Amino acid sequence: MKNIKYIVAGCILITIVSCKKWLDVNTDPDNPNSTSVLVQNRLPWIQHFYTYTAGVTNFRTSCQAGVLYSITGSANALSTTWTASSGNVTPYQTFFVEVSANINDMYKSAEAKGAYYYMAAADVFSALGFMQMLDLYGEMPYSQTTAISGISLPSPKYDDGKTIYYGCMAKLDEAISLFNKTQDPGAPSFASGDMWNNGDVSKWIKFCYGLKARYMLKLSKKADLFNADSVLYCISQGPQSNADNVFQRGYNNSTVTDYLLGDPVVTNGNWDYAGYGSNQRISQYYYNLLTNMRDSKVTDPRMSKIVPASMTDIKLDASGKVVSYSWNRSVGVDSYGASERLVAGGPASIKAVSYTASDKNITYTITDGTAKAKFIADQQLAGRAFTVDGDNVTVTYKAGSIYVNDNNYLYAGDTSYVNMRTFSIATGGEDPLDVDWYPSADAMKAGAVGSTGSYQIRPVSDQEILTYHEMCFIKAEVYMRKGDLANAYTAYRQGIQAHLDMMQAKLTEWQAEGYTKTNPDMAPMNQSDINAYLSSDAVCQDAGSLTMSDIMLQKYVAMGVSLENYNDMRRFDFSAGDIGSFGTVYPGYDRGPLFAGEALYTGGTPKDPRYWQRRWQLPTTLELNYNSANALAVNAHATEPNVWSMPVWWDCATDDQYYGYLK
Amino acid sequence: MTTILNKSSIKITMRKLVTALLVLLFLQLSHTASAQERTISGTVVSPDATPVAGASVIIKGATIGTHADVNGNFTIKASPSDVLIVSSVGYTAKEVKVGNSSALSITLEPAKSELQEVVVTALGIKKERKALGYAVSDLSAGELMKNKNTNVVNSLAGKVPGVNITQFSGAAGAGASITIRGGNSTSDGRQNQPLFVIDGIIYDNSTSVTGNTGTDGLSRSNTTYSNRIMDINPEDIATLSVLKGAAAAALYGSRAADGVVIITTKQGKEGKATVNVNSKISTSWANKLPEAQTVFGPGSYATNGVLNTLTYDSWGPKIPADSTLYDNIGRFFQNGIIYDNNVSLSGGTKTGSFYLSGSNFNQTGIIPGTDYNKTTFRFNGEQKYGRLTLNANVAYSVANTDRTLTTSGLYGGGGNGAMGAVYSWPQTFNMKHYINPDGTQYRKFAGTVALEDDINNPYWIINEDDLTSKTNRFTGGVNGNFAVTDWWDITGKIGYDQYTTNDYTYIAPGSAVSPMYQSGRLSKDLLAYTYITTTVMTNFHKTFGDFDTHLMLGSTTENTTTEGQNHWGYNFVTAGTVSFNNIAPENKFFTDGTTRKRLVGAYGEFGISYKDLIYLTATGRNDWSSTLPTSNRSYFYPSLSGSFVFTQLLHNNNFLSFGKIRGSWAQVGKDANPYATLTYVNSPITIASYTGIGNQYISGNPFLKPEIQKSWEIGGEFKFLDGRLGLDYTYYHSQTQNQIAQPRLSNASGYILVSINSGSVINKGMEIALTGRPIAKRDFSWDATLNFSYNVGRLGQFIPGVAYFYPTDAQFGTVKAASIPNGGYFLGMTGVKYLREVDKNGNEIPNGRYQVDAKTGLYKLNTNNPIVGNREPDFIAGFSNTLRYKNLSLSFLLDIRKGGDVYNGTEYSLVINGLSKRTLENNRQSVTVTGVDSQTGEDFTQTYEADKSYVINGTTYSGKNMIQRYWSNYASNSLNFITSVNWLKLRSVSLTYDFSNLLKNQKIIKGLSATVTGTNLATWTNYKGMDPEVSAAGGTGGSGSTGIDYLGVPATASGAFGINLTF
């Protein structure tokens, strides 16, 4: 019995002591947690997902800027109808969840190791990301976000655009000073985690100055804050040649997809959104700039690299392989002009193409006489066999045809709008060196190319983060604003040359790697075409006649699928022609006949700021449903549809104008 | 002995206590030794001469006793001076002097209004019902078996007030969820289902979805899942108690917030061994199928009116009269067959007893190729060694389900499920034609529609794909009770619950899925669950004059571990071999998951009563949970309850024979799920030579506190007319605070889901049970029970600015399950609806005309997630009846529900596809849009006629296209598919004939009965779709997806014949 007493007492004691230890099992043994990850693993993650969020931003703002036309509902609402009520979610989620959540963790763990370059990089991504949020949404949670404060709050408060802007600029200044330090001994090497510049700190410093120049330029509407000389100083410290370009290289060597949205992780971020599916086409606005700049009727040597083509007139051999064909270079989709095709079929009605391995008859019923005559003429022109029986026209698409598999005559000609899709091995491609899009497995077997894709938005394209040619165009614009035409002209020509050089270098690289075996659009341009172009009327030939429009349209061509085009257009009020004495900088850009966004864009005339697409509404399903009290505290109109036409802070001439909108 | 319980006893040392025990033991032993014993036999009967089986017979003043056998017979060793106390639940105990008689006949009077009823309460403690300060509902085996369902949860439907059962679907092996008095946690992954305790051991009732949409393409809505209580053989259940309120369950502390279901399994009885065999065969069929229109055939009209026939949509021209029509929906389902066989063997001696059972339940589902097969074994044994009683329970079960994809199961991988396709297949296509002679899938649009853009034929899915789930489960417990004296005992217990679920999902090559997966896809998931618990408990019971007291102290430890493994891969290199060995290494993936959760609890209960008049009980429990931050891991849960039997103070009267009022207050709670305190990272990604790692989209929280539920209830029990009529009434209120949740919040936090303590959930409601015995003749009796309950669940204070709390990712049709903060519905629904005209201030006018968007010519939609419904019923009720005439008895159960919105997502899908009968309006010749112009506010009325065309915002639309657009616009409005559902269901009816009378002249067969049963034979409801009981993706945690009917397997009705043989 005595023993029992001791046993019981002993047990109680052991229980109390061991209890604490016994309960310490609340750490997942299978997954590392946020405190244990290495900085050199954080940075590639942040770099990748920043390009991913930039990719969707570039894509959607390119729809707004008139670079791309899309049949995706949300993107079509940006490119054509201007009825945007959604399609404003992904950049927000991909930045905050995939990038921002890691910034502070990287900064803190880098600080603990004296890894100043990683701390600096954290600052750069904070600036890049939040400036993108400001560009799109105007006001956002900033100072209370985990990235900035280090504390995770469920409903962070909002900051206005001015606060975010200066916050980003301060982050860049801190980054520059951190890059000028030497990392503590034992800190992980910067090269081991830096995909963009391979740890080249001097390139990072130029990158920071280049970003400062880009951001300072945003203030061009503000008489009191815009300082041309400051911009020029930053440019002088920024990238000096294409060698200083900052980009994320795209690869086609893995089928691994990401945890959140399921896109391949090695491919170009622009491709993930603009080139992944069959929904995007070149807009006629962009197409015209590549074929008729300055009313020159001169085709840009970059045109066939940017505008996709598909095979046509395909002949198959006995085994069903393509033996002969010609290229069908896409035309642009006319969203802003007469828009005949879209008016007839609806704003998002352009059809995808199919491939047939055997002869295929489609019978079209056309009751309208004029339409029937035109349709028949089109068939004759295309050399297709057809029979007519009353209202019925039966067309034979020969084996090997890429055609629109629809018995509606209205869509039969949609083959002329080649979509911008390309394959990666994670999305249907089989050969890592063949990124062409094939409409079906049969087409792939035959070698019948449905699209060659577009320079910036192939899986293996470089995603441009900051480039020398952008610096040149900024310089040209700033000198133009200063009235220094000579320097503006020099910078303008440098910008065009830099972009052509950059493209040519990449095209040469692609050719060397073997992509051109299946895709001629990835081959270098003819030097003679380049020379001819540079001396043609498409490019201004003397400083005296240089216009702001010349500079900005060349920048537009060079920047292509980039948020910066949308930012620039806002700074020049699109085609309103009311900025300084520069006239209409983006002629021809306007609401099209399918415009249906009166509720969003409440301005009645182009000179009214509220006539244009000025920002994005905050995402309802990710933000307004959960944080509306804070959103409304900053902007009383955050939930109203016409917030889409409310200028963001840098898009206003004065603070009074800006805060007037928010009231 | 009294000295021990004096106040000074607190100070006594262990040594003194042990000495006292020894003295006590000696006294007890000397008492029994001194008697002149002989064997007495006797029979216990009720006034109508029926034997009182299992009556307890003990010698007064001693601990020796026995039980009567099934025929009421007992034997006991006693001396002539002894007094036997004979008692049985439902009868008034009787004291009988032994005297010199050697054969006693004892008649027990039925307890007046069943005052002595004993119920099983928390931790398995048996208590007199009158002593309880809270509501406890209990069901006997007989009650449960009246409509035996292999899922015991389903057998509770309509029988217990305050309990809400939702069946997941009518598929073989489909589970069900149970909530008691509403849910308390909104978040997905947080249980609202009660704790199940079987023979004192917590029994896991998870509905485990082993896969996920990313790695193997399965989420809750994609296929059939079982809830794990299905692993128990319902025939093994002796009694089932439902502890509804927090006070009743308070001793379970952090696991008590959602109530507790306590199940006690059968034990053998002293006497000859008994063998019971019962066999049942039943057939089940789809209760109600969606109806498709058969007027218009496949096709759709383009903007310019050109007919497109390359579509499964049924917007095409009228079906010619001579066409063959296929009843694709009706022909798809088959009659399911169930063979249900059980055998049990039980018996015992004075000191030991055993119960051994085996069962097999073999069900083929109403979808061809699906089945559910369950085999169970159980052994329960008890052995007494003097004051020590040892119990052991062991159960083993094997449950296998062959299932099918019901909806698309491959996130980002394309494909579709069988049910979605069945309900959309055009009536002119013969769905049974699914395969080509070469074994590839027959596709109507082969060559014109790419495989990945096509729809899988449902027969392809059920015949070519292979989805199975296999669970082996072992549970066991050893329980030792040492009766130190007649007022003190000690119990020790070790429990073990372990199961392994293996899920297998094979998508056949040639399926209409993403090109990546067109050469086949395979995934295997393993989930191993292990639970070990130990308990030490001691009870003291003592009477002081008119005061009766008891004290219980105990402690418990629980250790729960789950280990998961997922393997998946795609692209079989050599056709025909379905194995990971046949997949290239770069296409194979493997992940691991482990969760560990540990809990230590110490608890106590003190009760005191005065003269059967007033009862008071206080309990307290402190838990230490591993899932909370170290500083917050210890928390205390108190409860207080009391009852007052006021009829004790009244003169006996025939009208109110018993009356009691009761009340209780308790604080219980919930701990967190494992690993909620840290933020974890994703699997690494590799880009060129770099490896990237970043945070997951769920944020951990190192400051989590336990969730606390405070609740109170008041109620009363009344018996009238000598117990012929009884009323039990309860009103309750509970508020859960510091709710641990992972709500979707502003992504600006850096996360999509954030673990936080926030918000309260308030539930209040009422439960009424009326029991009656309108007829109680010797040959004819009628027993009836009517129960009624309602619950009002509301989400209270929440983070400011958060408008919705979405428990799951799932959206079905246009609606999402949602809880609405600041007093809104706990079981709400948000969706899309037509905007109504606005007043001067821009606010919508209730019941105003609809806004029409002149740019589309159709109704303007509010897509900002307006609240569109409340899925909680106004009330639920059950009316259960048993009529007995001689040896024939008839039972039937009516299940009643009033209110509660159900979204008919299946009908939504039919409208989208042009198969809904609703789309036949005006013979598809015209539709009319009428309301106000959304821009100008002026009247707007426009009729679109099929053969005209309309210019809207610059585009010319054919009338036929506009009619399609109209229906698409119609489908977007969630309110077009939401019904506040009422139903009256004949949940079960059974007719039993007892052949015992015919067996009187032989000794071998002791009992024989035959039963015919029907379930869900009739449903009267205002709901137009399938059976409204079905819940899409049933069993999600939080506020779940009950009340959403979306492309599910239809609920079933069944008929069965069974015989029950005892020998």
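1. A salt bridge here is a side-chain nitrogen of Lys or Arg within 4 Å of a carboxyl oxygen of Asp or Glu. By that rule, two salt bridges cross the interface of chain A and chain B. In one of them, the side chains of Asp24(A) and Arg633(B) meet at 2.7 Å, N to O.

2. The model is predicted: local features need pLDDT of at least 70, side-chain atom pairs count only at pLDDT 80 or more, and totals for chains, interfaces and linings use all residues. Side-chain values use heavy atoms, with hydrogens and water left out, and residues are numbered from 1 along each chain as its sequence is written.

3. The contact (heavy atoms within 4.5 Å) takes 84 residues from chain A and 80 residues from chain B. Trp22(A), Asn26(A) and Tyr626(A) supply 12% of the area that chain A buries against chain B, more than any other three residues. Buried area is the accessible area (1.4 Å probe) that two parts lose on being put together, summed over both; for chain A and chain B the value is about 6,800 Å², with 57% from carbon and sulfur atoms.

4. Over all chains the structure holds 70 salt bridges. One of them joins Lys244(B) and Glu767(B), with the closest N and O atoms 3.4 Å apart. The two residues are 523 residues apart. Lys244(B) is buried at 5% relative accessibility, and Glu767(B) is buried at 2% (buried: under 20% relative accessible area; exposed: over 50%; partly exposed: in between; 1.4 Å probe, protein chains only).

5. Lys374(A) and Asp378(A) also form a salt bridge, at 3.4 Å between the closest N and O atoms. Lys374(A) is exposed at 53%, whereas Asp378(A) is partly exposed at 35%.

Key: Chains are lettered from A and ligands numbered from 1 in the order in which they are written. Helices (H or I, at least four residues) and strands (E, at least two) are DSSP runs, numbered from the N terminus.
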